[in-house]
Amino acid sequence: MDQPLKIGLTFTGTPEKHNNYVNWLKGNDNIEITTLSTTENNLDEIADMDGIVLSGGVDMHPKIYGSTEINYPNAPDEFEESRDEFEISVFNLSQQYNKPLLSICRGMQLVNAIQGGSFIQDLGPEGNNLHRVETTDKQHPINILPGSLLYEIIGDTDSLANSAHHQAVLMPGKNLLVNAHSPEGVVEGLEWEDKTGKPFFLAIQWHPERMYKLGIEGLPTSTNIRERFIAEAKNSIKKA
């Protein structure tokens, strides 16, 4: 039997949400998911992973992106600073070991912060009406930058995504390219601007792992992203 593909997935905060990622990533393939978390304290396992996923979850502590404002609208009751620091290490190790990296929602925002980018701490009433989760995720169109990695994966400049966030990237960090926006201008995706010598990296603001809840799981913004990430993880084995 072939050895399973090994994917490291940061813990998103609740078992239900975490399992959405697990089920989406595994599909019907021979894939082993390892939960990366402060509880497991397993940064040492990243060297043996074939790919890494930074998941969504609670807002980062503002100090991560250089702000002292912690009482902004819709701020969490408690931040998880240990998670922030752990996942910064996950990112750094993914780059050190040349692991394909997929960053989702909070994961995208975290990478932007690491790279020195700036943030909108809260989108405000109008923005939250379009993006912030209530009882279910929101859904909306996205516009994709022609010639970008995301365009290569999706195969079109227009698609549909879901939303469950109240924060957003304002300015991209060092060497990050904005590859997608929502129609009103919210940043929906990031990738390396200069990809030379770097492992695969894609960051998206939406949640492809739970688009099934809206009945849109068959869209390329879910299926194509998974397929490409898994292909990159398999390819990383060949390069090892």
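A salt bridge here is a side-chain nitrogen of Lys or Arg within 4 Å of a carboxyl oxygen of Asp or Glu. In this predicted model, Arg 83, Asp 84, Glu 87 and Arg 106 are linked in a network of such bridges. The count of salt bridges by this rule comes to ten.

**Salt-bridge network**

- Glu 87 pairs with Arg 83, and their closest N and O atoms are 2.6 Å apart.
- Glu 87 and Arg 83 are four residues apart in helix α2 (residues 81-96), so about one helical turn separates them.
- Glu 87 has a relative accessible area of 2% and is therefore buried, buried meaning under 20%.
- Arg 83 also counts as buried, because its relative accessibility is 7%.
- Glu 87 forms a further salt bridge with Arg 106, at 3.4 Å from N to O.
- Arg 106 belongs to helix α3 and Glu 87 to helix α2, so this pair ties together parts that are 19 residues apart in sequence.
- Arg 106 and Glu 87 are both buried.

**A salt bridge between two loops**

- The side chains of Asp 137 and Arg 210 meet in a salt bridge, with an N to O distance of 2.8 Å.
- Asp 137 sits in the loop between α4 (124-131) and β6 (138-144), and Arg 210 in the loop between β11 (201-204) and α6 (223-239), so the contact ties together parts that are 73 residues apart in sequence.
- Asp 137 is buried, because its relative accessible area is 11%.
- Arg 210, at 10% relative accessibility, is likewise counted as buried.

- The relative accessibility of Asp 44 is 62%, so the residue counts as exposed; the cut-off for exposed is over 50%.

- Helix α1 (residues 15-26) contains twelve residues.
- From its first C-alpha to its last, α1 reaches 16 Å, close to the 16 Å expected at 1.5 Å a residue.
- The buried residues of α1 include His 18, Asn 20 and Tyr 21, and Val 22, Trp 24 and Leu 25 are buried there too.
- Helix α3 (residues 106-114) contains Gln 109, which is buried because its relative accessible area is 5%.
- Gln 109 and Leu 54 are 55 residues apart along the chain, and their C-alpha atoms are separated by 10 Å.

- Most residues other than glycine have a negative phi.
- Asn 41 has a positive phi of about 50° although it is not a glycine.
- Asn 41 lies in the loop between β2 and β3 and, at 57% relative accessibility, counts as exposed.
- Asn 175, also a residue other than glycine, has a positive phi near 65°.
- Asn 175 is found in the loop between β8 (168-171) and β9 (176-181).
- The relative accessibility of Asn 175 is 22%, so the residue counts as partly exposed.

Key:
Residues numbered from 1 in each chain as written. Predicted model: local features only at pLDDT ≥ 70, side-chain atom pairs only at ≥ 80, totals over all residues. Heavy atoms only, no water. Buried < 20%, exposed > 50% of the residue type's maximum accessible area, 1.4 Å probe, protein only. Expected span 1.5 Å × (residues − 1).
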